[in-house]
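Colleague: Could you walk me through how to read a structure like this one? I am new to it, so please take it feature by feature.

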Amino acid sequence: MAYLQLKGIEKFFGEHRAIKGIDLDIQQGEFVVFVGPSGCGKSTLLRLIAGLERIDGGQLTLDGKNITHLPSSKRDLAMVFQSYALYPHMSVYENMSFALKLAKVDAKVIEEKVQNAARILNLTTYLQRTPKELSGGQRQRVAIGRAIVRAPKVFLFDEPLSNLDAALRGQTRVEIAKLHRDLGATTIYVTHDQVEAMTLADRVVVLRDGVIEQVGTPLELYDRPANQFVAQFIGTPQMNVVPLNQLPPLVQHQAPADAVGGAIGLRPESVTVQATGHTPVTGTVDLVEALGAETLIYVSTPSGAQFVARQNERTQLHAGEAVSLDIDTSLAHWFDTTGRVVGR
Ligand code: ATP
């Protein structure tokens, strides 16, 4: 049996069914990321697991125990919020020890646990400061430290990095990954950032509209998305999805029968742009983005199809230039009219 098991979990806000019968098994020690567009229900699902919202249907089991209606404080889970939720007038040390003190843990044990967490998080020299004397990244580490000292069965993170700037976000992401490697704690992490999802997760859960669209390892989702939604949600730049009727007959004829009326999906690295050539697809360069290590070339065709190609080499091409596209259909994903993958 899974360590944390969700069975037919339901949540209504008034008439609105925000979570629609979610089934999910999470193993002990796993790092699972909930990802999806704004409003898909990822925070709600996390809050249901945390016990911060009432579960309206289904069953939640942790380590063999039914916790569906157990109060949050009795669930043995620790949540780290986007807003950090630190006590402003307490020192870092007091913030980190607060829950243990409430639980009447021995002062010597508290000292040991806080010092240990501070060492892991590089906070040792900041223990006497108050939150306002810390940077955003340091505050976030205190919030994580507060969760660590409790040694919960499961760590829950709700968009913990979204208040940090890009550089700090990248750095803190690496720290969270390291922390998980060191502690091996079961972790559920909510983000709308698919790069965070891809880099942190053992398994990613893609949500849309209160429903799970797909669950898989990051590379499973990238290489074998189940549908157009997942295909375009995972990967930057987005997968090119082009209606078959915008492509020349030569390409259309390679589509499987079920894809008739549907679309072709190609990752940007599966499209090559040539200055001249005899490929069936021709177009005009709209934009070149030279990012240093890679170059993105945006092309549109007379039939209205739009492509972005990614290459490691730099390019002499520029906007307005006529080009040919080399499309490797052996790397294509084929979608039917409903967006389901019917071949690759
Ligand atoms: P975001 O990335 O924007 O935070 P999310 O995927 O976390 O989005 P949720 O916050 O879980 O989405 O919201 C899911 C749906 O439930 C949305 O339609 C939202 O408007 C609705 N919702 C969330 N909380 C409440 C609430 N307390 N009362 C009413 N509706 C709510």
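This is a predicted model: local features need pLDDT of at least 70, side-chain atom pairs count only at pLDDT 80 or more; totals for chains, interfaces and linings use all residues.

Colleague: Which residues surround the ligand?

Modeller: The ligand has around it Phe 13, His 16, Ala 18, Gly 36, Ser 38, Gly 39, Cys 40, Gly 41, Lys 42, Ser 43, Thr 44 and His 192.

Colleague: How do the shell residues divide into nonpolar, polar and charged?

Modeller: Eight are polar, three are nonpolar and one is charged.

Colleague: Next, helices. What describes two packed helices?

Modeller: The angle between their axes, together with the distance between the axes. Take helix H2 (residues 92–102) and helix H4 (residues 136–148): they pack at an angle of about 30°, and their axes are 8 Å apart.

Colleague: Why do we call H2 and H4 roughly parallel?

Modeller: Because angles under 35 degrees count as roughly parallel, and the angle for H2 and H4 is about 30°, H2 and H4 are roughly parallel to each other. Their crossing is right-handed.

Colleague: Which residues make the contact?

Modeller: From H2 come Val 92, Asn 95, Met 96 and Ala 99, and from H4 come Val 142, Gly 145 and Arg 146. By class, the contact of H2 with H4 has four nonpolar, two polar and one charged residues.

Colleague: Now the strands, please. In what order do the strands of the open sheet of five lie?

Modeller: Read the order as E13-E17-E14-E15-E16, with antiparallel pairing. Strand E13 (271–274) and strand E16 (306–311) are the edge strands, since each pairs on one side only. From one strand to the next, the twist averages 40°.

Colleague: How many bridges pair E13 with E17?

Modeller: Four bridges, in the antiparallel sense, pair E13 with strand E17 (residues 322–327). To find one of them, look for Gln 274, whose bridge partner in E17 is Ser 324.

Colleague: And the hairpin: which strands form it, and how many residues lie between them?

Modeller: E9 and E10 form the hairpin, with two residues between them. Strand E9 (residues 203–208) and strand E10 (residues 211–216) run antiparallel and are joined by five bridges. Opposite Leu 207 you will find Ile 212 in E10.

Colleague: What should I look at in the turn?

Modeller: Look at Asp 209, which has a positive phi of about 55°.

Technical notes: Residues are numbered from 1 along each chain as its sequence is written. Two strands pair if DSSP finds at least two bridges between them. Axes are lines fitted to C-alpha atoms, for helices over the stretch in contact, and angles run from 0 to 180 degrees between N-to-C directions. A residue is near a molecule or strand if its C-beta atom, placed from the backbone, lies within 6 Å of it. Ala, Val, Leu, Ile, Met, Phe, Trp, Tyr, Cys and Pro count as nonpolar, Asp, Glu, Lys and Arg as charged, and the others, Gly among them, as polar. Angles under 35 degrees count as roughly parallel, over 145 as roughly antiparallel, 65 to 115 as roughly perpendicular and the rest as oblique. A crossing is left-handed if the near helix is turned anticlockwise from the far one by less than a right angle, and right-handed if clockwise. Two residues are in contact if their C-beta atoms, placed from the backbone, lie within 7 Å.
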